[in-house]
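Let's walk through this structure together, one question at a time. Have a look at the sequence and the 3D view first.

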Amino acid sequence: MGIAKAKKELNWADLGFQYRQTDFRFSATFTDGVWSQGELVSSPVIAVHEGAPALHYAQQCFEGMKAQTAPDGRVLLFRPDLNSERMNQAAGRLLMPEVPYELFMRGVEETVRANYAWIPPHGSGASLYIRPMLIGVGENLGLRTAKAFEFRVFCSPVGPYYKSAGMAVISLAVSDIDRAAPAGTGAFKVGANYAGGLLATRQAQALGANEALYLDSATRTFIDEAGSANIIVAMTGNRLVSPKSNAILPSVTRRSVMTLAEQYLHMQVENRPINLREEIAEFEEVAACGTAAVLSPVGKIWVDGQWRKFYGDGEKVGPVMQKVYDLLVGIQRGELADENSWTYEVKID
Ligand SMILES: Cc1ncc(COP(=O)(O)O)c(C=O)c1O
């Protein structure tokens, strides 16, 4: 297929984090124990049976990743092997077939390549968000695994998750709703974790916060994560700490940021439970991190009926998060040397 080289005429810098229909998506099906080759299709609509387990019992999982344009025009993914691995962990947890790495990457690369015109140019601050998904389809009624599955990849050009270019300082409110049980599905990127969080987000927003902050559901003591991002905390003594929990998503961004902080900023990095109320006095800077959120500094957290503020009276971006952001984004956009070989080029020609 010939690739349209001209870019769409979009106001790239004004894009928000919304779905925008692009030209092609990839689809492969699993029936009788075998994956089809898969192909690009143009319709954004999936026709599924009314009995599909994805619709009733949330037998589905998904991934989120981004493609960005480097200064020299190369199109870069960031650590896609970790997304493939995580999708297969979710597949195993929900009794769905694994998507072989080769199929996952072919689906992602073909989707990116076919929608080249929609990939935001370098310097726009925007990127191409990629959503691989695996759903249980076909006729079913009782609670049992689907007989057929679809692996689909679509994409959409997006701007910042929180409205404001660059780093937006956000706020979180501790939720009294639980996101995930200790031995439940919190560590997997499955749709079932998210519908239950819509109310928590709404309640947090009613308090003037951007998002809910979940504590561990067993004791409501330790930080778990935010609605769509992991948490990192810069603490006194040049430490960068992230919560260890069986109930949170193993964020690709968080794992990368912790490595960069150790490697380049010589910080002491710790992955351990964080007791919110006992340790909050030592919090110097806090951030939410994820593919969509990138690294969003958290200026304040609503805890037990009051706002607890961090760097710059809760209004400013602190020096640690600024440095970590610059390193992460610089590598993802191909502006800084990629010493860990984390970026993956999607060849366009
Ligand atoms: C609940 C949740 N936590 C954390 C993250 C961040 O993970 P990643 O950095 O792999 O995007 C996401 C997705 O962006 C998420 O949905």
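Q: Which residues come nearest to the ligand?
A: This is a predicted model, where local features need pLDDT of at least 70, side-chain atom pairs count only at pLDDT 80 or more, and totals for chains, interfaces and linings use all residues. Residues are numbered from 1 along each chain as its sequence is written. A residue is near a molecule if its C-beta atom, placed from the backbone, lies within 6 Å of it. Of the 13 residues around the ligand, those that come nearest are Ser 251, Val 252, Thr 253, Gly 290 and Thr 291.

Q: Which helix gives the largest share of the shell around the ligand?
A: Helices here are DSSP runs (H or I, at least four residues), as are strands (E, at least two), and both are numbered from the N terminus. The largest share of the shell is three residues, and they come from the helix spanning residues 252-265, α6.

Q: How many residues of the shell around the ligand are polar?
A: Ala, Val, Leu, Ile, Met, Phe, Trp, Tyr, Cys and Pro count as nonpolar, Asp, Glu, Lys and Arg as charged, and the others, Gly among them, as polar. The shell has four nonpolar and two charged residues, while its polar residues number seven.

Q: Is His 266 buried or exposed?
A: His 266 sits in the loop between α6 and β14 (268-271). A residue is buried if 20 or more other C-beta atoms, placed from the backbone, lie within 10 Å of its own, exposed if 12 or fewer, and partly exposed in between. Because His 266 has 8 C-beta neighbours inside 10 Å, it counts as exposed.

Q: What is the phi of Asn 238?
A: Most residues other than glycine have a negative phi. Asn 238, found in the loop between β12 (230-235) and β13 (239-242), is a residue other than glycine with a positive value, near 55°.

Q: What separates the C-alpha atoms of Gln 18 and Lys 163?
A: Gln 18 lies in the segment before β1 (25-31), and it counts as exposed because it has 10 C-beta neighbours inside 10 Å. Along the chain, Gln 18 and Lys 163 are 145 residues apart, yet their C-alpha atoms are separated by 11 Å.

Q: What is the radius of gyration of the protein chain?
A: The protein chain has eight helices and 18 strands. The globule rule (2.2 Å times the number of residues to the power 0.38, with the radius taken over C-alpha atoms) gives 20 Å for 349 residues. The chain is close to that, so it is as compact as a globular protein of that length, with a radius of gyration of 20 Å.
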